[in-house]
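Q: Please take a close look at one part of this model and describe how it packs.

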Amino acid sequence: MSNKWRIRAGKLAVNFLTLGLALLWLTPVFWTLIASLRPADDPLGRGNVWFGHTLTLANYWRAWSMAPFGEYYLNTISLVLMILGVQLITVTVAAFAFTHYRFKGKKELFFFLLLQMMIPTSALLAPNFNTISKLGLFDTILAIGIPYFGSAFGTFLLRQAFLEVPRDLVDAGTIDGCSWWQLLWHIYLPPSWPTLIAFGLSSVIWHWNEFLWPLIVTNSPSSRPLTTGLVRFTQLGEIGAQWSLLTAATLLVVGPLFIIFLIFQRRFIQSFVHSGLK
Amino acid sequence: MEKETARSKIDRYLPYLLVLPTFAFVLLFTVWPTLSAFYRSFFRQRLNIAKFRIPTFIGLGNYANIFSDPHFHRVFANTLLYIIGTVPISILLGFLFAMLVNRKVRNVGLARLAFFHTTILPMVSAATVWMFFFTPGYGLFNTALVALGYDGPQNWTGSPNLALLAVMIVAIWKNAGYYMIFYLAGLQNLPTSLYEAVGLDGASWWQTIWYLTLPLLRRTTLFITTIAFIDSFRTIDDIFGLTSGGPSEASTVLLYYLWQKRFEQLDIGFSSALTVILILLLLVFTITNFRVSEKGEEDV
């Protein structure tokens, strides 16, 4: 009997711990949200840090009008879609080649890919900047995306999934006279979608959020993504420490990504669980 | 017959063709820049000083300058501190979060969302959010600390002793949820039958975690350690928003220093040598990690 009570008390304690930590983790963003909804003439101050008298969306409109956020949005969206589109193709065919075929130099080529996982592109920003300048790509969206067009991480991940495909199935397809792309499309890919989705979503999030590389290779609103745009905005002289505007702009930049994530949350986490990431 | 040979010829080259795009991009943006940084690190070249604009061979001169540079010593110490202070704690929290949300309890999905939402947030947004959170006076961070009895300085991002700690707190808050996902994936792929057997033996909760869960998740932990380490070198976006490396280099880490040398001081030689050092550090770590995991596999 007392043992039962102990287990119950333990479970309750763990629930409270979970709740407490979850609230703690949410607080910064939640407070930011509140601050962004406070009218400009009712600023935050001591003793009045949570809710004022009214809430308003006015800060969002003002922030939006003070910098070309619309353009930044288009840039970021074209950037992530461009990278994702190219990666899905390069990663899929390379993973297929590394799974399905035996060929001379396979090991050595694999080692080259390994290098990209060990030396992240961010460490190479100085020499890569020279390459981008030489290619005449400076200040373009392509310049931000091109170093990521080949992905060792994605290739490995997908190869892992392809290796799980039963050999019998592949042999049956080969005997039936399937061409390589039929094998890929009808036999290798269908069971590997969760992995591809997990990779795709992490690619989108990663590149939506990237800051340092775009900061280096872009120099005008026509190519600048949201992240560098936001930092420029926070440094505008006329903004100073107007937290209502700064917080509104911060949330403007992440809003859609948050909404997409909320919708696909379950799927996103499930695909991670079922992918080779373990 | 003719047709057969033509087809087999294509088949012979096909794998190379399929690998070519990925290989070409890796060659152009990983292998080539590595070699070029190595080459340039032996030359003195500074774009903002007229007489040093043309590269001159100086052997190991740049490396000698780096190792005798007090700024570099400071930056290197900061980097080590940053890694030691963020990597283990974020991984531990990631594991704790995974254990907490990997239970069949009502609304546990909301907790998972709370822990994970920081991963979706760009680091620069996280920096603004925390800049606000750290505000001296009414910022919630200080308000909460004062309520707990803290009476130290409140200007976290502007204090020489606290700036790096502030950057580290943001990094931990941002990354723990990311590592949670990998642990969650690992936990959900564990065989439940093992747990039932252990449960019958009357093992305590701690014993189950220590002797069963953690050893089974060894590979996950190694994988997370590797990405956490690499990330701790490359994620410096919050420094731009929070401290700009200051005050007086108190929160400057290696990659930020490299960026300053290359893009603010336009010192090509010095920054190339720094790039080489950074690459070597990354390689030494990942290869060691790889070796350790290989060795562990043999032991099992």
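In which hand, left or right, does α3(A) pass α10(A)?

A: This is a predicted model, in which local features need pLDDT of at least 70 and side-chain atom pairs count only at pLDDT 80 or more, while totals for chains, interfaces and linings use all residues. Residues are numbered from 1 along each chain as its sequence is written, and chains are lettered from A and ligands numbered from 1 in the order in which they are written.

The crossing of α3(A) with α10(A) is right-handed (left-handed if the near helix is turned anticlockwise from the far one by less than a right angle, right-handed if clockwise). Helices here are DSSP runs of H or I with at least four residues, strands are runs of E with at least two, and both are numbered from the N terminus. Helix α3 of chain A covers residues 69-100 and helix α10 of chain A residues 193-209; their axes lie 9 Å apart, at an angle of about 145°. Axes are lines fitted to C-alpha atoms, for helices over the stretch in contact, and angles run from 0 to 180 degrees between N-to-C directions.

On the α3(A) side, the contact is formed by Thr76(A), Leu79(A), Val80(A), Ile83(A), Leu84(A), Gln87(A) and Leu88(A). From α10(A) come Gly200(A), Ser203(A), Val204(A), His207(A) and Trp208(A). Contact means C-beta atoms, placed from the backbone, within 7 Å. By class, this contact has 7 nonpolar, 5 polar and no charged residues (nonpolar: Ala, Val, Leu, Ile, Met, Phe, Trp, Tyr, Cys and Pro; charged: Asp, Glu, Lys and Arg; polar: the others, Gly among them).

As for the setting, chain A is divided into domain 1 (2-60) and domain 2 (68-274), with bounds from an automatic or database domain assignment. The centres of the two domains, taken over C-alpha atoms, are 33 Å apart.

Technical notes:
Two residues are in contact if their C-beta atoms, placed from the backbone, lie within 7 Å.
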